[in-house]
Amino acid sequence: MRLYEIRQNFKEAKVTDARVCRGGSSSSSGSLNESTYQVESSPCYVAEGRRGKIMEIKNIFCIGRNYKNHALELGNEVPDQPLVFSKPTSALASADGSVLSFPANRGDIHHELEIVLYIGNEVERGFTVEEIVTQMALGIDLTLRDIQSNLKKKGHPWLVAKGFRNAAIVTEFWEFPGVEQIKDVEFSLERNGETVQQGNIQSVIFSFQELLEYIHEEFGLSKGDIIYTGTPEGVGPITDGEEYTLKWGNEVKGRFTVSKRS
């Protein structure tokens with residue numbers, strides 16, 4: 001999958017006018033056959049999904065502590081309502097085999113594997129998940145853990161620890177088949193061929209329906225928003241040179257290699 005960042009301030013933009021965001025660098029390569037895409041704001045990110053489908057990405061909502069064992073492994077309380085935070089679109093990166101760059105001098109950076117939902121239809125009151133979610137992907141919410149711990153102690157927001165470049169990794173999107181169809185599927189993260197995280201949605205504290213209703217009530221959901229729905233236990237630090245593979249069942253959905261830089 002390619003992520004395109006459109007910075008031109010006009011309503012109709014050719015994707016070939018956009019910068020391709022790959023591994024923290026940009027180039028003018030990777031056009032989508034001179035496709036024309038309607039954008040509503042600037043800057044705007046669009047993702048190339050399967051069969052060349054172009055998908056605008058607007059807001060990035062993330063859910064913390066939605067798997068009980070993950071909350072407990074970090075010594076956190078299990079929440080009684082969804083814990084929502086956000087990331088800027090500039091944090092997006094593709095799990096397309098690229099080498100992704102991360103800071104080496106800001107403490108531990110932890111991987112958090114997640115299912116990512118894409119809101120592809122307009123959101124109206126009384127919606128169901130299947131009515132508004134059209135695509136899904138796997139993603140990694142990366143966290144500057146030492147910085148986050150210090151921010152939490154001070155009662156400050158987490159954005160600095162959650163919103164850095166390449167902190168929102170995502171695979172190619174594919175069609176969302178419905179909650180019932182995915183509830184038994186295991187998703188996993190491998191580090192250099194060894195599984196370090198694994199889970200399925202039967203272990204969540206808040207269902208997709210509850211998460212989307214809560215986000216919509218508090219912030220408003222729009223077509224083009226994506227939601228990182230929480231991580232199972234097994235989070236841990238990334239190290240320079242490691243290769244990570246994201247799997248849905250036995251199917252590889254994406255991978256990337258870590259480059260830590262000072």
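Good morning, colleagues. Please keep in mind that this is a predicted model.

I begin with helix 6, which spans residues 208–218. Which of its residues are buried? They are Phe208, Leu211, Leu212 and Ile215. Viewed down the helix axis, these buried residues fall within an arc of 90 degrees, so they line one face of helix 6. After the helix comes Gly220, and its phi is positive, near 95 degrees.

Is Arg145 buried or exposed? Its relative accessibility is 9%, and because buried means under 20%, Arg145 counts as buried. What does its side chain contact? Another polar contact, at 2.8 Å, links the Arg145 side chain to that of Gln148.

In general terms, rolling a probe the size of a water molecule over the atoms shows where empty space is left. The volume of the second largest pocket is about 150 Å³. Which residues line this pocket? The lining consists of Arg125, Gly126, Phe127, Gln209, Glu213, His216 and Glu217. By class, the lining residues divide into one nonpolar, three polar and three charged. Helix 6 runs from residue 208 to residue 218, and the pocket lining includes Gln209, Glu213, His216 and Glu217.

Thank you for your attention.

Notes: Residues numbered from 1 in each chain as written. Predicted model: local features only at pLDDT ≥ 70, side-chain atom pairs only at ≥ 80, totals over all residues. Heavy atoms only, no water. Buried < 20%, exposed > 50% of the residue type's maximum accessible area, 1.4 Å probe, protein only. Helix = DSSP H or I, 4+ residues; strand = E, 2+ residues; numbered from the N terminus. Arc of directions from axis to C-beta. Polar contact = N/O pair within 3.5 Å; in protein donor to acceptor, adjacent residues only side chain to side chain. 1 Å grid on protein atoms, 1.4 Å probe; cavity = no way out; pocket = protein on both sides within 12 Å on 5 of 7 lines; lining within 4 Å. Points joined across faces, edges and corners; volume = space filled by probe spheres on them. Nonpolar A, V, L, I, M, F, W, Y, C, P; charged D, E, K, R; others polar.
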